[in-house]
Amino acid sequence: NDDFSSEAHKNLRLTSDAAWQLTFHNKVIQYPADEVVELNIDDFSEDGETAEAVPENHHFMTILSINRSCGNPSYSGRLQIMRSKDALFLINILPTETYLKGVVPSEMPASYHLEALKAQAVCARSYALSAVKNPKYDFADLNDSTSCQVYMNQGTDTQTDLAVDATACEVLSSRQKIVTAKYFSSSCGSLSSSDDIWGYPDTASQDTHMTERLETEPPGIPALSSEEAFRNFIFQPAENTYLESSDPWFRWQTELSMAHIRSNIAESFAKRMSADPKRFTVLSSDGTIDPDDISQIKVVKRAESGVLQKIKLTGRNQELTVSGEYNIRCLLVPSSDTAVILQDKSTRNGMSLLPSGYFFLEEINDGEQITGYKIYGGGFGHGAGLSQNGADTLAEKGYDYREILTYFFEGINIENVNTLE
């Protein structure tokens, strides 16, 4: 839907800039260009029933009931509409290389240097083809949101099309297998390992290609696990050292009142704990959560890369622990009317989570009472794998896309997927 919060639809309105056909109820219905058809849940007689829309001559189908940054999104290939229980699901069936031409401009600005766009195309292809082997759904490989890869939020572009074509079939690989290539928007100057971000305490390393490193030339080894070291890194980064030091997101700050933190706990703690139970603990006399009792936040664990991995929220009668940078960012998101201030003094409001997990907390006190926290951080996104803004910086310095990829991913090859197992 419009805000990417759900794949489910109650109805869908379709049209095309060319003549098109709809196969539904064992009938093929022909429609002229610009004819609009609306399909509702009640039009489907049973669970699992499908309809399929196909435009003539490789034109596009447009969904008028969905809005994206580009307006109403248009899709090439075939569109399948499937009923599942009390909702409709829209499935775009198309070749991988065509799909990528809808991903790259939605994930990286088309204005970026071509070599950065090529690196993005290889990452996106690697991610997509890994997903085909482990599909997210019974009926589809991926969705079109940030939980997979953003698809068709922006229209296609000649420059990003060129990046896809120039790297056709190329993926990141290791030992003849595709490497799942993660990426994010911009770095604070330190990159995290896969385990730093997604690993559980009881799991071994799953990916050795995304490693902890300082985003310098050449990459350095971070030692930012102590609060003092990380604070100094945020407040006093060495000049002309980090690739993205001129980016607005390189450093940012905001603040939260304790009242807002308690409100976030009331709204999100149980929901996040249900979604990711291994990363939460609750210690209280009756096993329940009382948000109004929370009076303090303490950092429990920070990775050598500086990313926050575990915090403790305490009150008189309870102790809550939260692990995982994403969960922490969800619980400490500012209110919609509280600005995140970037290093160029520009501001952002209404964020759905903190910009990154690379931050530290500074108490705001009224006497002996903690009334809130100032938050000082850097970067935008999870911080593991390829930094998109960093890739563009390297491209500007003259790196080609292969050199960019080997900068961000250790021990990988770039190969034609058809030569792999």
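The side chains of Asp165 and Lys101 meet in a salt bridge at 3.0 Å, N to O, a term used here for a side-chain nitrogen of Lys or Arg within 4 Å of a carboxyl oxygen of Asp or Glu. The pair links distant parts of the chain, with Asp165 in helix α3 (residues 158-166) and Lys101 in helix α1, 64 residues apart. This is a predicted model, in which local features need pLDDT of at least 70 and side-chain atom pairs count only at pLDDT 80 or more, while totals for chains, interfaces and linings use all residues. Residues are numbered from 1 along each chain as its sequence is written, and side-chain values use heavy atoms, with hydrogens and water left out.

**Salt bridges**

- By the salt-bridge rule, the count comes to 14.
- Arg125 and Glu97 form a salt bridge through their side chains (2.8 Å, N to O).
- Arg125 belongs to helix α2 (residues 114-133) and Glu97 to helix α1 (residues 96-107), so this pair ties together parts that are 28 residues apart in sequence; helices (H or I, at least four residues) and strands (E, at least two) are DSSP runs, numbered from the N terminus.
- Glu52 and Arg78 also meet in a salt bridge, at 3.2 Å from N to O.
- Because Glu52 lies in strand β6 (residues 50-55) and Arg78 in strand β9 (residues 78-84), the pair ties together parts that are 26 residues apart in sequence.

**Accessibility of the partners**

- Arg125 counts as buried at 0% relative accessibility, where buried means under 20% relative accessible area, exposed over 50%, and partly exposed in between (1.4 Å probe, protein chains only).
- Glu97 is partly exposed at 23%.
- Arg78 is partly exposed, with a relative accessible area of 36%.
- Asp165 is likewise partly exposed, at 45%.
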